Amino acid sequence: MNRWIKKVVTFSSLAATLALLPAGVAFAQDAQPQGQQGQGHHRGGHRQGLLGAALKLDSLTPAQRSQIEQLVAQKRQAGIPVRQADAQVLTVLAQQVEAAKVDQAALAPSLAAERSAAAGEKQVDQAALARLHDILTPAQRGQLVDAIQARGGQAREERGQAREERGGKEGFGGGKLGLSDQQKAQIRANLEASRPEVKRPEQRGQKKAALESFRGDSFNAGALAGMDRRGGKETRMTEAMIPVLTPNQRATVAAHLRSRAAKEGRS
C-alpha cells in the first residue's frame, strides 16, 4: 500500500477489468514488482517508499547509502517468495474463471502459501525500517518524513486530475470486456454485498502516526511493516464478476490473470 506515497493505487489484475466502474468499486491495488526502488507494492507505499525515498536524500554519506542499499536488497530478496505465491493464486483463479466458479477449497493452499510468504516478508520489512531509523540522523529522518508527506499530497492531486481527464472514457473494462451498464451495476452490487467490515480511517490514522514517529527516537516500525496480500481481494472480485460475465468475457479475464501471474513469476 495504500495511501500516502503510492505511485499507483489500483490492484492491476482485475482493477483494469473494472477500470470504468466507480472508484469505490475498483478498490484493489496495482501489482508493481517489489524489487523496484522507491516504489510501493500492492499493497505498501511507505514500506518500500521509506527505503527508496531515503536513497534520494542529498545529505546521505557514502556509508549511509551503502547500508540502505543493502536493506533494499534484503527486502527485494524477501519479496521473491511472495511474488511467486501471488503468481500461483492468480493462476488458480484464472482456471476457476474459465470454469465459471470460484472454489475456495482449491484456492486455500495457494492463499495459505501467500500468507506465509507475506509473514516472512513482514519480519524483514520491520527490521529494515528499524535499521533505517538507526542509520539516519534526526535531521535526515525529518527530511524523509516531509518528503513522503509532500509526495502523498501530490499523488492525491494527480489522481484527482487523472479522474477528471478520464471522464467517461473507457479503460480496459469497456474496451476489451465490453461491460454493459447492467453488468457494471451487478458487479458493483456483488462487491458491496461481499465487502468485509474494515476500519480504514482508524488504520490510516495509525500509520500516519507511525510515520510521524519516524522523526523522533521512538519509532513503531511494526505499524508500517508488512503488506495486505492480494489473494483475498482478488478472490472476492473474481467471485463478484464470474456470474455476470459472458464466456468470452471470462476468457479475457482469465488470460489477463495468467499474464499477471507470468509477470509476477518473473519479477
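Trainee: Is glycine 178 buried, exposed or partly exposed, and why?
Mentor: This is a predicted model, so take the values as computed. Glycine 178 has 44% relative accessibility. Buried means under 20% and exposed over 50%, so glycine 178 counts as partly exposed.

Trainee: Where does glycine 178 sit?
Mentor: In a loop. Helix 6 (172–177) lies on one side of that loop and helix 7 (181–194) on the other.

Trainee: What separates the C-alpha atoms of glycine 178 and glutamine 249?
Mentor: 8.0 Å. Along the chain, glycine 178 and glutamine 249 are 71 residues apart.

Trainee: Switching to the whole chain. How many helices and strands?
Mentor: The protein chain has 10 helices and 0 strands. From the N terminus, the order reads α-α-α-α-α-α-α-α-α-α.

Trainee: And what share of the residues is buried?
Mentor: 47% of the 267 residues. The accessible surface is about 12,500 Å². Carbon and sulfur atoms account for 50% of that surface.

Trainee: Now helix 3. What span should helix 3 have, and what do its end C-alpha atoms give?
Mentor: Helix 3 covers residues 62–99, which is 38 residues. At 1.5 Å a residue, helix 3 should span 56 Å. Its end C-alpha atoms are 55 Å apart, so the two agree.

Trainee: Where does helix 3 bend?
Mentor: At isoleucine 80, by about 30°. Proline 81 follows within four residues.

Trainee: What comes just after helix 3?
Mentor: Alanine 100, with a positive phi of about 65°.

Technical notes: Residues numbered from 1 in each chain as written. Predicted model: local features only at pLDDT ≥ 70, side-chain atom pairs only at ≥ 80, totals over all residues. Heavy atoms only, no water. Helix = DSSP H or I, 4+ residues; strand = E, 2+ residues; numbered from the N terminus. Expected span 1.5 Å × (residues − 1). Bend = angle between axes of the 7 residues up to and from the residue. Buried < 20%, exposed > 50% of the residue type's maximum accessible area, 1.4 Å probe, protein only. Areas by Shrake-Rupley, 256 points an atom, 1.4 Å probe, with all protein chains shown as cover.
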